[in-house]
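This briefing is meant to be read beside the sequence and the model.

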Amino acid sequence: MWPDAIETQRLLEQVERADPCAVDELWERHRPALRRMIDARLDRALGRRVDASDVVQDVLLRASQRLGDYLRDPRMPFHLWLRQIARDHVIDAHRRHRGADKRSLDRERAAVAFTDRSSFELAADLRDPALTPAAEALRDELRKRFREAIDLLDDADREIILLRHFEQLANGEAAQVLGLSEAATGMRHLRALRRLRGILGEAPSLC
């Protein structure tokens with residue numbers, strides 16, 4: 001989901017050399033991933049009032065203002081730093097529009113995070129453009145079951161599934177996001193998969 005890290009590093013080095021074109025390319029390369037990450041966590045009710053594209057633009061503006069600080073002290077990979085700004089921005093938007101006493105951000109949005117754009121499409125093998133009606137029906141049924149199963153997970157399980165399979169973060173990256181050790185993150189991921197597969201009615205041996 002996130003742009004190639006080597007290419008991102010090349011652009012960052014060009015930015016440090018005051019290349020204005022590199023700055024523009026850096027933001028444009030990350031814009032699609034940011035949009036998907038924000039779409040996954042934007043509350044359905046808020047999404048009817050706030051355009052996700054505007055949220056992305058606000059995040060990029062804020063990141064642009066802080067880019068110098070990041071370049072002086074890059075404590076984490078660039079895409080994790082950028083997604084952290086995005087997540088904070090989305091949480092702030094929910095607090096402003098819905099109030100702090102509403103359900104958690106992930107609980108509100110998780111069931112619709114896995115749309116046709118999702119990299120964790122259970123029916124990925126059925127993406128043939130010439131699907132038969134039966135195949136299309138099966139794909140739609142799998143997608144529906146998956147959304148329902150995701151919505152039944154608790155917040156911690158849902159978040160690790162989003163991080164690992166929707167945002168496609170490596171275990172170490174997810175650990176940085178969650179503030180956990182890699183071992184603890186790996187165990188949380190495994191437990192979440194087991195619970196998800198149990199809800200979907202799959203055999204435990206698949207874990």
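What percentage of the 207 residues in the protein chain do buried residues make up? Buried residues make up 41% of the 207 residues, where buried means under 20% relative accessible area, exposed means over 50%, and partly exposed lies in between (1.4 Å probe, protein chains only). This is a predicted model, in which local features need pLDDT of at least 70 and side-chain atom pairs count only at pLDDT 80 or more, while totals for chains, interfaces and linings use all residues. Residues are numbered from 1 along each chain as its sequence is written, and side-chain values use heavy atoms, with hydrogens and water left out.

**Overall fold and surface**

- The secondary structure of the protein chain comes to ten helices and zero strands, with helices (H or I, at least four residues) and strands (E, at least two) taken as DSSP runs numbered from the N terminus.
- Among contacts between residues at least 6 apart in sequence, 67% join residues at least 24 apart, a contact being heavy atoms within 4.5 Å.
- The accessible surface of the protein chain comes to about 11,100 Å², and 49% of that surface belongs to carbon and sulfur atoms; the areas come from the Shrake-Rupley method with a 1.4 Å probe, and for residues only the protein chains shown count as cover.

**Aromatic pairs**

- The structure holds four aromatic pairs, and rings of Phe, Tyr and Trp (its six-membered ring) count as a pair if their centres lie within 6.5 Å, with planes under 30 degrees apart called stacked, over 60 edge-to-face and the rest tilted.
- The rings of W27 and F78 have centres 6.0 Å apart and planes at 35°, so this pair is tilted.
- Y70 and F78 form an edge-to-face pair, with 5.5 Å from centre to centre and 75° between the planes, and Y70, like F78, is buried.
- Ring pairs link W27, Y70, F78 and W81 into a cluster.

- L71 lies in helix α4 (residues 52–72), and, leaving aside its neighbours within four places in sequence, L71 is in contact with L12, V15 and E16.
- The C-alpha atoms of L71 and L12 are separated by 7.8 Å, although these two residues are 59 residues apart along the chain.

**Salt bridges**

- A search of the whole structure finds nine salt bridges, each being a side-chain nitrogen of Lys or Arg within 4 Å of a carboxyl oxygen of Asp or Glu.
- In helix α2, D39 and R35 lie four residues apart, about one turn of the helix, and they form a salt bridge whose closest N and O atoms are 3.2 Å apart.
- D39 has 10% relative accessibility and therefore counts as buried, whereas R35, at 28%, counts as partly exposed.
- In helix α4, D69 and R72 lie three residues apart, about one turn of the helix, and their salt bridge has its closest N and O atoms 2.4 Å apart.
- D69, at 47% relative accessibility, counts as partly exposed, while R72 is exposed, with a relative accessible area of 63%.
- D73 forms a salt bridge with R75, the closest N and O atoms being 2.6 Å apart; D73 counts as partly exposed at 37% relative accessibility, and R75 is exposed at 72%.
- Salt bridges that share partners also join E7, R10 and E25 into one network.
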